[in-house]
Amino acid sequence: MKEMKSHSYNELKAGVTEQELIRAAEQMINDYLLGDIPRSEVATLVEEFERLVREKYPNPAGTGCPKPQTLRERKAGNIDHIKKCWPCLEEYRRFLR
Amino acid sequence: MATTPKKNSPWWDREVDRSGRPIREDVRAAAHEVWEQVCNRARALLGDDADAAEMLEVSVEAVSRYLNCKKIPLFSIKISGLLDRAFHCQVKKRCYKTARIETVGTTTELAELEPVPDWTAKVDRELDLRKILQHLSPRSCSILWLRRNGHDWHYIANKLGIALSTAQNVFWREIKQARLKLQVEPASGKTDQGG
């Protein structure tokens, strides 16, 4: 409860909510993965996102991964998988470059 | 032949109805008899007799059709009662219709009820958020992603090896500084209960 109050206060002072920031960040990552914006524009955000995916979704067994040629298709389904699979994100990142 | 009884609205005494079928002479004659009576009825039930003429015309057509259908010879029965009854049905129908209609105000008031969403403000806000995010440090970006993944501030503080208050202060200070840098006006105070 204490944390919530403090958080709301911060949101009020900053004039922006955490949810708004998260939504915008997710949209930026989606845009980057779809090739709509260059990595340079969102470098810090993408690097931290990749670090998080690497730690949380290492997926060494490649469970549920699509074939590499399928992976390169810029589809919403692929993007959803890529965001939760480090090997695929790594592969896709090379393709984006 | 149009009739204009004194103090009452005229009604159109036509020879044929809207479908082109002839209107019976006895019904038209009865309409002249009941005109004043139906006007009074309309005033009593609707508040005014502005629509009495139109309702009588409809009633005349309906009664004429009904009598023709029943093959009743002309002037063989008294029709005023039947016409009065048909008119009463029309008045009741009008009453129900009026009761169903709920007035909500003038066009100006209607326009104010649901303002057109300002999409330009929404787009501007989105662009501002993106600019703020581009100004964040790696640590704040990391905090944001951890929050997005549902981690609480205690977990984040432990993971980063800093105090909880420090984690929050660092993150929000950067947001505020980024806003200042961009000279973005703060939002109108509408915030979600995040946390």
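Predicted model: local features only at pLDDT ≥ 70, side-chain atom pairs only at ≥ 80, totals over all residues.

Modeller: In chain B, Trp12(B) carries the charged end of Arg14(B) over its ring, 4.6 Å from the centre.

Staying with rings, the whole structure holds four aromatic pairs over all chains. Trp153(B), Phe171(B) and Trp172(B) are joined by ring pairs into a cluster.

Staying with charges, a search over all chains turns up 21 salt bridges. One of them brings together the side chains of Glu20(A) and Arg125(B), at 2.7 Å from N to O. Glu20(A) belongs to helix α2 (residues 18-33) of chain A and Arg125(B) to helix α5 (residues 119-134) of chain B, so this pair joins two chains.

Back within chain B, helix α1 (residues 25-46) and helix α3 (residues 80-100) have axes that come within 9 Å and cross at roughly 35°. The crossing of α1(B) past α3(B) is right-handed. On the α1(B) side, the residues in contact include Val27(B), Val34(B), Arg41(B) and Leu45(B), while those of α3(B) include Leu83(B), Asp84(B), Phe87(B) and Arg94(B). Sorted by class, this contact between α1(B) and α3(B) has twelve nonpolar, three polar and four charged residues.

Key: Residues numbered from 1 in each chain as written. Chains lettered and ligands numbered in written order. Heavy atoms only, no water. Axes fitted to C-alpha atoms, helices over the stretch in contact; angles between N-to-C directions. Helix = DSSP H or I, 4+ residues; strand = E, 2+ residues; numbered from the N terminus. Left-handed = near helix turned anticlockwise from the far one by under 90°. Contact = heavy atoms within 4.5 Å. Nonpolar A, V, L, I, M, F, W, Y, C, P; charged D, E, K, R; others polar. Phe/Tyr/Trp six-rings, centres within 6.5 Å; stacked < 30°, edge-to-face > 60°. Lys NZ or Arg CZ within 6 Å of the ring centre and 35° of its normal. Salt bridge = Lys/Arg side-chain N within 4 Å of Asp/Glu carboxyl O.
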